[in-house]
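This report covers the aromatic contacts and the sheet of one structure. The sequence and the model come first, and the description follows.

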Amino acid sequence: MTVRPPCLLILGRHGQVGWELERCVVSLGAIVAVGAHGAPLSVNLADKAALRDLVRSVKPDWIFNAAAYTAVDRAEAEPDLAFAVNGEAPGVLAEEARRGGAVLVHYSTDYVFDGTANRPYVETDETRPLNVYGQTKLAGERAIQAVGGRYLIFRTTWIYGARGHNFLLTIQRLARERDELRIVSDQFAAPTWSRFLAQTTAHVVAVLERNPDRLEEVAGLYHVTNAGQTSWHGFAEAIVANMGQCQALGAKRVLPIATEDYPTPARRPKYSVFDNSKAEQTFGISRPTWEQALALCLAQQA
Ligand SMILES: NC(=O)c1ccc[n+]([C@@H]2O[C@H](COP(=O)([O-])OP(=O)(O)OC[C@H]3O[C@@H](n4cnc5c(N)ncnc54)[C@H](OP(=O)(O)O)[C@@H]3O)[C@@H](O)[C@H]2O)c1
């Protein structure tokens with residue numbers, strides 16, 4: 001008997017998570033990876049008709065939405081575009097997934113929370129976004145949940161990786177240019193490696209491809225991050241310490257500053273550590289600490 005591999009549609013192929021995902025699911029099915037621009041396939045998530053046409057022509061078994069409007073500060077000035085991409089497009093994908101019998105995998109953010117908790121956030125905790133980006137991402141979660149069907153939403157925190165726009169690459173660049181860095185030390189979460197999130201997604205897909213009957217039961221929202229917690233300052237110190245060791249750059253000073261000393265257009269939660277128990281227990285996920293994941297990512301750069 002021949003087994004047909006599932007068709008996997010990946011949106012956001014040039015993003016941090018999308019790029020890793022295309023590589024991590026490579027043995028799980030036939031991949032159609034789509035970016036915002038360029039060949040062979042592209043789609044603008046703000047164009048609902050084009051998005052529907054794309055899904056109907058590809059006829060995927062799985063849809064991975066790794067595309068998003070992620071410019072957190074710019075979103076304050078472009079709320080309509082951010083809402084179209086983050087708030088509305090996920091609902092269109094959920095409708096098309098249900099129509100075609102596909103599973104939708106979507107990613108969301110800790111910025112749905114206000115950061116006032118005094119213990120790690122669980123999935124059922126009350127949301128209260130502090131900025132436009134968080135509001136639009138929460139709208140996207142709700143649009144998917146309103147359609148229902150077979151979906152997985154992975155909420156995560158502080159994504160970085162060896163490519164793309166992220167804190168790791170920014171700190172490495174600044175540490176080469178300056179002797180002293182001033183980094184916010186009163187916001188806490190778990191830096192999460194884009195590849196860990198992509199590999200975890202691939203693991204979940206493999207589990208559910210073997211046990212399709214579980215899909216209805218496990219559909220829902222999950223918190224998925226690397227383990228542990230730190231501040232942006234702690235994260236920067238770990239990055240710079242590694243540069244000192246590897247590239248003989250000498251000691252750079254990484255000074256802690258308060259959020260108030262680094263004003264940005266968008267407010268950010270001060271605490272967004274996630275409790276990952278639900279994902280761990282449902283899918284048997286093992287999570288490296290953020291320090292272990294960072295070491296693996298840095299080794300890949302070396
Ligand atoms: N980055 C974080 O720290 C973080 C934290 C928590 C959750 N998340 C969530 O995790 C997911 C993946 O994030 P990421 O860090 O991989 O994001 P990313 O690197 O910014 O990638 C997002 C991708 O979406 C594409 N995109 C933006 N607007 C689009 C549009 N209108 N139509 C089609 N594609 C569009 C971008 O295209 P271009 O290449 O043209 O820009 C980019 O390739 C997102 O859902 C994000 O909200 C991210």
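## A buried ring and its partner

F154 is buried, with a relative accessible area of 2% (buried means under 20% relative accessible area, exposed over 50% and partly exposed in between, with a 1.4 Å probe and protein chains only). The model is predicted: local features need pLDDT of at least 70, side-chain atom pairs count only at pLDDT 80 or more, and totals for chains, interfaces and linings use all residues. Residues are numbered from 1 along each chain as its sequence is written, and side-chain values use heavy atoms, with hydrogens and water left out.

A search of the whole structure finds 13 aromatic pairs. Rings of Phe, Tyr and Trp (its six-membered ring) pair if their centres lie within 6.5 Å; planes under 30 degrees apart count as stacked, over 60 as edge-to-face and the rest as tilted. Y107 and F154 form a tilted pair, 6.2 Å centre to centre with 50° between the planes. Y107 lies in strand β4 (residues 103-109) and F154 in strand β5 (residues 151-156), so the pair ties together parts that are 47 residues apart in sequence. Helices (H or I, at least four residues) and strands (E, at least two) are DSSP runs, numbered from the N terminus. Y107 is buried, with a relative accessible area of 7%.

## Other aromatic contacts

Y121 and Y271 also form a tilted pair, at 6.4 Å centre to centre and 40° between the planes. Y121 is in the loop between β4 and α4 (132-147) and Y271 in the loop between β12 (253-257) and α9 (277-283), so this pair ties together parts that are 150 residues apart in sequence. Y121 is buried at 4% relative accessibility, and Y271 is buried at 14%.

One aromatic cluster is formed by W158, Y160, F167, W232, F235 and W290.

## The sheet

An open sheet of 6 strands has the order β2-β1-β3-β4-β5-β10, with parallel pairing (two strands pair if DSSP finds at least two bridges between them). Its edge strands, β2 (30-34) and β10 (220-223), each pair on one side only. From one strand to the next, the twist averages 20° (axes are lines fitted to C-alpha atoms, for helices over the stretch in contact, and angles run from 0 to 180 degrees between N-to-C directions).

Strand β1 (residues 7-11) runs parallel to β2 and is joined to it by 5 bridges. The bridge partner of L9 in β2 is V32.
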